[in-house]
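The tour below goes from one selection to the next.

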Amino acid sequence: TDVAVLGAILVEPKEVLVDGLRRELAANIEVMLAKQSFDHLEASLKDLADQSRRLRGSFEHVQDYLGVSAQELWRAQFGRVVRFLLHMEQHQLLGKRGRAKSSPDHDPSQPIRFPDGKSSGGSFLSRCMAKLLELTEPKSCSGGFRQDWCSSGGALDSLVLQQLMEAVASPGIAAMSKLLALKAAGRVRKVLQGGTALLGDPEHSRAVLKASRARSSEALRVCAASLASQVGPLASVLSSLGQIMLLQRRLTALLRLHGSLDAPLINKSLGVLDGTALVESLEEDAETEVDGELPSLWDFVDSSSIAKEGQLRFRRKLAKTGELHGFAEPLRQLLLVIPEDSAPNGLDTLLALALVQYVAEKQRQAPSARRTSTWTAKAPAPTVGTEAHVALSAGLASFLQQLPRQQLHGTFQVCGFFIQGLCSEEGWAEGALIIQILQNCLELLGFPREHLAEFVPVGLLELWPAE
């Protein structure tokens, strides 16, 4: 029956039953996710995918008897559990004590436990993300730019990422992408604060000023060596930032791929809508005059919701939907707001010195790579693959994205002087490495690799072919 009367109380059995199913499903999802330790990534993902499939199938078995959609029920409850855990993880990552009641996905009648009881003190999101970062550690693996990550301890390839999608679905991957963005913002802040503190020291500031006036590779190498204890850790933090951004970039591409395969028409429509909303937001911020004859996005929305609050809610919902479909480009994100005149003077030179010290250190670790032949020798110049040291390229690109454009030009200009100075020294290996890092950085920023010719003569670039 659809309605029952218990005394003076009107009861709708179907709603009571569906509400009970909803709570039971949420409880089962919570337990299922909490069991996974991800010590062995592939085994954990396979186990989680199998459990999800069985649990979803059991609810699909009873949907015809109740007249409800088990798939819709599953997506709603799985998304709610993941969003709640993300909310708590974000507060924990920021060093704040998040309260369950502060999450919009908290249900007092069906609370979700956090931490979930594992020794890590978090949830499946932080455990899985930590394992992914372990597999993409720049010091022990290669790849991440155009190829999969490979290391002696395992690989993070398309098959593993497909297992990840089957195990945690789009909400789980989007949540991990958000956590990675938060960690990346912390790295950006660390680089900026470290650079500002270093440039605030008079002795170090003089060394950076001297480097900004240098025009030879030897002078730049000496300045970098004098600041080795400072710029060395700076390159390490940039590599860590790049590792995070490359991983987030790959997860976003995975979301975009599955969104286009699962619902191509809806995905394209959302993409157009997202792009249109972004353009109109930029036009409003820039206070530019808009052609009144062209249709606006809000012309297609009910007039009662065109108020500022309605527009803001609409954009927030659209942004959340776009995250699930992978519309964002991680390396173009603004992780930290740095006003035009607030970047410390000499920061561009400091970044260039970090690169100079990095390539010099790599050269000392592999002395046999140095070429000793003359300019007229027939032997080809050394080559560096596009996957080599790509984490540093990505970290540099992501950090320069946060800064005013003149910082990028300043950094590349100092590096250009260093490359030109290597010609007289025949520093072939150093030149090949720094050119590859800079070209990868330009490509990740959306520039053509040939843009480096603005800072280094094309004839010199041809001496160091990169493959």
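In which helix is Leu461 found? Select the residue: Leu461 is found in helix α15. The model is a predicted one.

With Leu461 still selected, colour by accessibility. Its relative accessibility is 15%, and the cut-off for buried is under 20%, so Leu461 counts as buried. Now show its neighbours. Leaving out residues up to four places away in sequence, Leu461 touches Ile435, Leu452, Ala453 and Val456. Ile435 is 26 residues from Leu461 along the chain, yet the two C-alpha atoms are separated by 7.8 Å.

Zoom out to the whole chain. The protein chain has 15 helices and five strands. Of its 467 residues, 45% count as buried. Among contacts with a separation of 6 or more, 76% are between residues 24 or more positions apart.

Next, select the aromatic side chains. The structure holds two aromatic pairs. Begin with Trp74 and Phe78: their ring centres are 5.7 Å apart and their planes meet at 20°, so this pair is stacked. Both residues belong to helix α3 (residues 70–93), where they are four residues apart and hence separated by about one helical turn. An α-helix has 3.6 residues a turn, so residues three or four places apart point the same way. Trp74 counts as buried at 8% relative accessibility, and Phe78 counts as buried at 4%.

The other pair is Phe412 with Phe455. Here the ring centres are 5.6 Å apart and the planes are at 45°, so the pair is tilted. Phe412 lies in helix α13 (residues 405–425), while Phe455 is in the loop between α14 (428–444) and α15 (458–461), so the pair ties together parts that are 43 residues apart in sequence. Phe412 and Phe455 are buried.

What sits over the ring of Trp74? The charged end of Arg56 does, 5.3 Å from the ring centre.

Now select helix α12, residues 390–402. At 1.5 Å a residue, its 13 residues should span 18 Å, and the end C-alpha atoms are 19 Å apart, which agrees. How many of the 13 residues of α12 are buried? Twelve are, so the helix is largely enclosed by the rest of the structure. The buried residues include Val390, Leu392, Leu396, Phe399, Leu400 and Gln402. To see what surrounds them, display α5 (158–200), α8 (228–262), α11 (347–365), α13 and α14, against which the buried residues of α12 pack.

Two packed helices are described by the angle between their axes and the distance between the axes. On the α7 side the contact is made by Ser217, Glu218, Leu220 and Arg221; on the α13 side it is made by Val414, Phe417, Phe418, Gly421, Leu422 and Glu425.

End on Ser217, whose place is in helix α7. Is Ser217 buried or exposed? Ser217 is buried, with a relative accessible area of 1%. Beyond residues up to four places away in sequence, Ser217 touches Phe418, Gly421, Leu422 and Glu425.

How values were computed
Residues numbered from 1 in each chain as written. Predicted model: local features only at pLDDT ≥ 70, side-chain atom pairs only at ≥ 80, totals over all residues. Heavy atoms only, no water. Phe/Tyr/Trp six-rings, centres within 6.5 Å; stacked < 30°, edge-to-face > 60°. Helix = DSSP H or I, 4+ residues; strand = E, 2+ residues; numbered from the N terminus. Buried < 20%, exposed > 50% of the residue type's maximum accessible area, 1.4 Å probe, protein only. Lys NZ or Arg CZ within 6 Å of the ring centre and 35° of its normal. Expected span 1.5 Å × (residues − 1). Contact = heavy atoms within 4.5 Å.
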